[in-house]
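Have the sequence and the 3D view open as you read.

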Amino acid sequence: MRTWIKGAVALAAMMVTGMAGAQELIVEKKVFELPSFTTQSGRTLKQIRVGWESYGTLNTDKSNAVLICHFFSGNSHAAGKYDAKDAQPGYWDAIIGPGKAIDTNKYFVIASDTLVNLNTGDPKTTTTGPASIDPDTGKPYGLDFPVVTIRDFVEVQKALVESLGIKRLALVAGPSMGSLQTFEWAASHPEMVAKAMPVIGAAEANAMLIGWLDVWAAPILLDPNWNNGDYYGKAPPLAGLAKALAAVTLQANHEEWADATFARRPAKAGEEPDKALRNKFQVQSVLDNAGEARAKLSDANHFLYLIKANQLFAAGGSSLADGMAKIKAPMLYITQPKDLVFTAETVERNLKAAKDAGRDVTHVTIDGVRGHLDGVMSMKQAEGAIRAFLEK
């Protein structure tokens, strides 16, 4: 569903524009536009815009396309760099590129931003959401923007894919919220998905996840600057958004990482936490600083709309069982047993539902101390399984 990763920025390009080194892609951003789009709620929006990028070359019969769907706080920058001098490549660069598991010498890989993307302050992100200008009023939508769903994200992606003349995807894949989109693609458009690779996710948001998402949202709702979503042109609710992002970051990790990285050290030497209420532990300070930095590039209303979309999610529209019954594509399901967002129990429920529906599912686990984030940061471990799955 989310996962905030330093270095997960932006979008674009129908073709790779060059290479800086044998294994490095240099990519550019493009923007896809729809004159109008009708949401699952029945509301028609004008001038939808989402950023996208691509890696590799689309073959003549357009049969080699792969779609990568991003996580909660990510964007379309799945692989490569925009400039050879960039500090970090896209978030799944370990498995996407020339000669890698998802080989861009063979596949044409597409990645796009979602509606209500969180990163409104990032120049490499293009999205339509509450912070966008409503063409009918000339003002930001705010909470007048309709509730959108994971299915809406998929339908915009489908329009992008079809605009390129692609009728069937060789693979749809993604981590966290990207896995939700992957399950949705496979359930809602089974004729277009040859194979699916959901990573660190599930085909339904259960009650526990819905509750946790509410906890993530709470700091924004309690920030007086949120003002019922009416803060554009005024002081934004940065304090609430920063705390919300800190909560996301903490749950996206694991206690092994936290203990090994911070232990019980104070944030500042000489300011022991037992000496004053305001004195913090190092883990508190680091999470707060990271949340504050990220909040400056993000939008609080977009965060809340993402929360709602994830809470509403059930692949295919109704339930876990119904979604699995609609899926036809073979699936490679990659999980992390220490995941605190999509827990081991959640994974087992999904595997049982898939088995009960007679689905073709290969389950692979990855290890590490980051928990949920290992589905982004430790994907090299699954390289062999991904190659085997694509070659089947």
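What follows covers the sheet, the helices and the nonpolar cores.

This is a predicted model, where local features need pLDDT of at least 70, side-chain atom pairs count only at pLDDT 80 or more, and totals for chains, interfaces and linings use all residues. Residues are numbered from 1 along each chain as its sequence is written, and side-chain values use heavy atoms, with hydrogens and water left out.

Start with the sheet. Helices (H or I, at least four residues) and strands (E, at least two) are DSSP runs, numbered from the N terminus, and two strands pair if DSSP finds at least two bridges between them. Here 8 strands form an open sheet with mixed pairing, in the order β3-β4-β8-β5-β11-β12-β13-β14. At the edges sit β3 (30-38) and β14 (361-365), each pairing on one side only. From one strand to the next, the twist averages 20°. Strands β11 (residues 171-175) and β12 (residues 196-199) run parallel and are joined by 4 bridges; V172 stands opposite A196 in β12.

Axes are lines fitted to C-alpha atoms, for helices over the stretch in contact (heavy atoms within 4.5 Å), and angles run from 0 to 180 degrees between N-to-C directions.

| Helix | Strands | Angle |
|---|---|---|
| α1 (residues 150-163) | lies across β3, β4, β5 and β8 | about 120° to β3 |
| α2 (residues 177-188) | touches β5, β11, β12 and β13 | about 150° with β11 |

Now for α7 (residues 300-311). Why does its length make sense? At 1.5 Å a residue, its 12 residues should span 16 Å, and its end C-alpha atoms are 17 Å apart, which agrees. (The expected span is 1.5 Å times one less than the number of residues.) Is α7 mostly covered or mostly open? Mostly covered: 11 of its 12 residues are buried, meaning under 20% relative accessible area with a 1.4 Å probe, protein chains only. The cover over those buried residues includes α1, α2, α3 (207-222) and α4 (238-252).

One of the buried residues of α7 is F303. Leaving aside neighbours within four places in sequence, F303 is in contact with several residues, including F72, L118, W216 and V248. F303 is also among the residues with the most contacts inside the largest nonpolar core, which has 77 residues. (Such a core is a set of buried Ala, Val, Leu, Ile, Met, Phe, Trp, Tyr and Cys residues joined through side-chain atoms within 4.5 Å.) Apart from it lies another core, of 34 residues, among them I68 and W92.

Note on methods
Expected span 1.5 Å × (residues − 1). Buried < 20%, exposed > 50% of the residue type's maximum accessible area, 1.4 Å probe, protein only.
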